[in-house]
Amino acid sequence: MATIRVDPALVEEATGLARQIVLDVKEHIDAHTTTSVERACCRLLDIDGVDDQGVPLPNVVVESVAQAGRLGRGITYWLANASLATGEEPAQLAQECAAGRLDLLRLPSHRPEEVLAAGRRMAARAVEALLALRNQREELAARLGSGPRPWLYVIVATGNIHEDVLQAQAAVAQGADIIAVIRSTGQSLLDYVPHGPTTEGFGGTYATRANFRIMRQALDECGEKHGRYIRLVNYCSGLCMPEIAALGALERLDVMLNDAMYGILFRDINMKRTLVDQFFSRMINGFAGTIINTGEDNYLTTDDAVRAHHTVLASQFINLEFARLSGIPDHQVGLGHAFQVDPATEDAFLYELAMASLVRAVFPDCPIKFMPPTKYKTGDIFRAGVLDTLFNLVSVATGQDIHLLGMATEAIHTPYLQDRYLAISQARLVMNAGRHLFRELEFAAGGAIEARARAVLEQAVQLLRELADLGLMAGLEQGLFAQVRRRRDGGKGLDGVVRREDGYFNPFVEYMLGERGV
């Protein structure tokens, strides 16, 4: 593969600095849980449904304990104790709580060792179910095979899950390898997960377990029909990161958008909340065999790409170390970047080649996610088509793995079926014509592309040095990424952060990080 020559000493230093930054945050993570982490535990323990007011049962159960100030022990502890006291499973206990017939904190207390053993038995059943789903995915992918890399990633966003299915089926027939169901605008700010199938949403479709199941079934049918495994994507971010990770794992989603800092920067979700939530959500993703996609591409929508390419690279180093901390292997970490240099810039194409090649060279084991040009698209669909063709060429020439298709109508409206057809057919044409170009390319030693890549890497290392001195939270307060400043005690969701008590119990961490066999 044609790769940029990079200084391995700089890469090693950047990796070490990122690890230092992440380990500093780990002290905060280890000392806290959140309401959303505990609701995710409820989801994994098969608590689902809503009460007579439409409130999701995981919210009912967790809030009852949180309001009494005892969530720091971990919801699994209280559910396990209640199961010993009543002989009921968590799903039944949740129904009793919702009906007002049971208070988890007013039951007889069993010996802690008995409670822990019961909780581990409950969690082990859930973990076994996730392993079975992971095995099912691997068997299907092995039998059906996959399209050539880069996989073509297409978005559906009608607001109606049933309409999404029709559009996804059409996209698969046209050649799409990955279907992403865009989440309804604003859902990341909801501190609960809606229940059931949904047919209304603004700018996308609500992420619910039922919607996950409907689309998963439809794509499995498409995979059998077209002879390749079709991957399903949704958005694991916002105030319910861990819960959506759990629901995605339970419904065998393949890819989740999961970034350690996206919610902080772009949704103003409290950083103390997000940094705890991302750890647990990614732990679930990793254990379930789900590929995560990070969101550094968003930095270039608020900042200039030429000026800010180094912030993308620095963030990728940090995101990868957060993922490793959660037990995700590199081959499941889809680091994100984008084709966003102003096309009026002289040698813009060389800048894009340099950045795409640099990311590919620095993170050789990660399935890189390459995002299309959007910032400089207008209503001129022909100009947009030229930009997307350049993007497609860079992607195939530099060995990207996950390729989110650009749309000629990006700046006009949500894509129509014919817009996706044109995007897929044009990408396939370019990628087929240049399929093995990466084997033939060699960048001039000391030339403009290599010099640009080295400069970006050096700037990224300098930024990581600054962050290692400051600490990540202070860096976010100073606006070192995407020119966005956030306060560590500001934003949404801080009230859901809970300090762990002595004896905090979460058996999923034990099982999923390999501290205890299943």
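This is a short tour of a predicted model, stop by stop.

**Stop 1: aromatic rings.** The whole structure holds eight aromatic pairs. Start by selecting Tyr 262 and Phe 266, a tilted pair with 5.3 Å centre to centre and 35° between the planes. These two residues are four apart in helix 10 (residues 262-267), so about one helical turn separates them. Tyr 262 and Phe 266 are buried.

**Stop 2: another tilted pair.** Move to Phe 370 and Phe 391, whose centres are 4.9 Å apart, with 50° between the planes. Phe 370 belongs to strand 9 (residues 369-371) and Phe 391 to helix 15, so this pair ties together parts 21 residues apart in sequence. Both are buried.

Stop 3: Ile 381 is partly exposed, at 35% relative accessible area. Select Phe 382 and Ile 412 as well, and you will have a nonpolar surface patch with about 320 Å² of accessible area together.

**Stop 4: a covered helix.** Next, show helix 9 (residues 241-250), where ten of ten residues are buried. Just after helix 9, look for Arg 252, which has a positive phi of about 60°.

**Stop 5: a loop serine.** Ser 184 sits in the loop between strand 3 (178-181) and helix 8 (209-226). Ser 184 is buried, with 3% relative accessible area. Its contacts beyond four places in sequence include Phe 202 and Tyr 206.

**Stop 6: charge over ring.** Finish with Arg 231, whose charged end sits over the ring of Trp 151, 4.0 Å from its centre.

Notes:
Residues numbered from 1 in each chain as written. Predicted model: local features only at pLDDT ≥ 70, side-chain atom pairs only at ≥ 80, totals over all residues. Heavy atoms only, no water. Patch = residues over 30% accessible without salt bridge, like charges linked within 9 Å, V, L, I, M, F, W, Y side chains within 5 Å. Areas by Shrake-Rupley, 256 points an atom, 1.4 Å probe, with all protein chains shown as cover. Salt bridge = Lys/Arg side-chain N within 4 Å of Asp/Glu carboxyl O. Buried < 20%, exposed > 50% of the residue type's maximum accessible area, 1.4 Å probe, protein only. Contact = heavy atoms within 4.5 Å. Phe/Tyr/Trp six-rings, centres within 6.5 Å; stacked < 30°, edge-to-face > 60°. Lys NZ or Arg CZ within 6 Å of the ring centre and 35° of its normal.
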